[in-house]
Amino acid sequence: MLRGCVSLARGLRPGLRAAPHGAWPGPRLAAAPQPFWGHTAGFSQLGRPKDFALPNPSWSQDMMSLYNKFAEMAKDGTWKRIPSYDRSVDHLPERVRQAFKEVRQDTRFFLRNTDAEGIGFEYVMFLNPTEKRIVCLFQPGPYLEGVSGFAHGGSIAAIIDSTVGGCAIFAAGKVMTANLSINYRNPIPLGSVVLVDSKVDRIEGRKVFLSCEVRNVDGQTLHAEATALFIQLDTKTSQQQEACSP
Ligand SMILES: CCCCCCCCCCCC(=O)SCCNC(=O)CCNC(=O)[C@H](O)C(C)(C)COP(=O)(O)OP(=O)(O)OC[C@H]1O[C@@H](n2cnc3c(N)ncnc32)[C@H](O)[C@@H]1OP(=O)(O)O
C-alpha cells in the first residue's frame with residue numbers, strides 16, 4: 001500500500017503540507033457515480049445539532065496535536081473536517097433529511113452512544129475530496145475494552161466501517177456495507193490515538209471497493225488493515241435500507 005507509515009508521519013509534519021499530494025496519489029476511479037451529497041458541503045452544513053467532532057477536555061495531547069495539524073491542512077480546503085452528530089439522520093444534507101418525516105426519535109448513531117466525554121469513541125474525521133480519502137483520528141476510551149487494557153476488536157471494526165463508509169458515501173452516495181475484512185496486527189491501547197486512513201480504490205458499477213490502514217501516531221505501528229465493499233443503493237432500495245443510510 002502506498003500510504004506507508006513513513007509517508008503518513010511525513011505528511012503530518014508541519015511545513016510539509018504539500019506532501020500528501022505527492023506521497024499518496026489519489027485513487028483511480030472507473031465510473032464514478034454521482035456523489036450523494038454532490039459536493040462536500042453536505043458534510044458541513046450550518047444550523048445542525050451539537051457537533052461532536054470538536055476538541056473536548058478528554059482529548060489527549062496526541063489527539064489535539066493531530067487535530068491541529070489537520071485543521072491547519074484544512075485551511076486551504078485540501079482537507080475538510082466532517083461534523084459528527086449523535087443521530088444518523090442528522091448527518092444527512094437538509095434536502096435529504098426533510099424526506100425522513102417518520103424518523104424514530106429514540107435512536108443514536110452507534111459511535112456516539114455514550115454521553116460522557118472520553119469513555120467511548122472519541123474521533124474526528126477529515127475528508128480529502130481529491131484523493132477520495134478520509135483520515136479518522138480515533139481515541140478509544142475505557143468503555144471500549146476488549147482484552148484488558150486494549151480496544152475491543154468490534155470497536156475497531158466499527159470505527160473502520162464508519163470511516164470507509166464515509167469515503168463510500170462521498171464517492172457513491174447512499175451505500176451499505178456488503179463486506180468488511182480486517183486483519184488485526186497489533187492491539188490498540190485504550191486511551192492511545194490512532195489514525196484510521198481509508199480510501200476508495202475503485203468503483204465498478206454499484207460496487208465501491210475501499211481499503212484502510214490503522215496506525216499509531218508516528219506511523220511505525222500497523223494496528224489493523226482492512227478492505228471493504230460497499231454497495232450503492234439504487235432507487236428501488238427498500239425503505240429500511242434508506243433509513244440505514246447515515
Ligand atoms: C457522514 C460521514 C460520517 C458518518 C459515516 C457513517 C458511515 C456508517 C457506515 C455503516 C455502514 C453499515 O454498517 S451498514 C450495516 C451492515 N450492512 C448491512 O446490513 C447490509 C446487508 N446487506 C444488504 O442489505 C444487501 O446485501 C446489499 C444492499 C449490501 C446488497 O444487496 P442488493 O442491493 O440487492 O445488491 P446485490 O444485487 O445483492 O449485489 C450487487 C452486486 O454486489 C455484489 N455483492 C453483494 N454483496 C457482496 C458481498 N458480500 N461480497 C461480494 N460481492 C457482493 C453482487 O454479487 C453484485 O455483483 P454484480 O452481479 O453486480 O457483479
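This is a predicted model: local features need pLDDT of at least 70, side-chain atom pairs count only at pLDDT 80 or more; totals for chains, interfaces and linings use all residues.
Local features were taken at pLDDT of at least 70 and side-chain atom pairs at pLDDT 80 or more, whereas totals for chains, interfaces and linings use all residues. Residues are numbered from 1 along each chain as its sequence is written, and side-chain values use heavy atoms, with hydrogens and water left out.

The chain contains six helices and seven strands, these being DSSP runs numbered from the N terminus (helices H or I, at least four residues; strands E, at least two). Their order along the sequence is α-α-α-β-α-β-β-α-β-β-β-β-α. Of the 246 residues, 48% are buried (under 20% relative accessible area, with exposed meaning over 50% and partly exposed in between; 1.4 Å probe, protein chains only). Among contacts with a separation of 6 or more, 69% join residues 24 or more positions apart, a contact being heavy atoms within 4.5 Å. The accessible surface is about 11,700 Å², and carbon and sulfur atoms contribute 52% of it (Shrake-Rupley method, 1.4 Å probe; for residues, only the protein chains shown count as cover).

An unreviewed UniProt entry places "domain: Thioesterase" at residues 149-221; UniProt positions follow the numbering used here, feature names are shortened, and annotations may be inferred rather than shown by experiment. This segment is 27% helix and 42% strand, and its end C-alpha atoms lie 17 Å apart.

The second largest pocket holds about 210 Å³ of space. A pocket is an open set of points on a 1 Å grid over the protein atoms alone, where a 1.4 Å probe fits, with protein on both sides within 12 Å along at least five of seven lines; lining residues have an atom within 4 Å of a point. Points are joined across faces, edges and corners, and the volume is the space filled by probe spheres set on them. Of the 18 lining residues, Phe-52, Asn-56, Arg-112, Glu-117 and Glu-122 lie nearest the centre. The lining comprises seven nonpolar, five polar and six charged residues (nonpolar: Ala, Val, Leu, Ile, Met, Phe, Trp, Tyr, Cys and Pro; charged: Asp, Glu, Lys and Arg; polar: the others, Gly among them).

Val-89 is in the loop between β1 (80-82) and α4 (94-97). Val-89 counts as buried because its relative accessibility is 13%. Its C-alpha lies 9.5 Å from that of Thr-107, 18 residues away in sequence. Lys-132, in the loop between β2 (121-128) and β3 (133-140), has a positive phi near 50° although it is not glycine. With a relative accessible area of 19%, Lys-132 is also buried.
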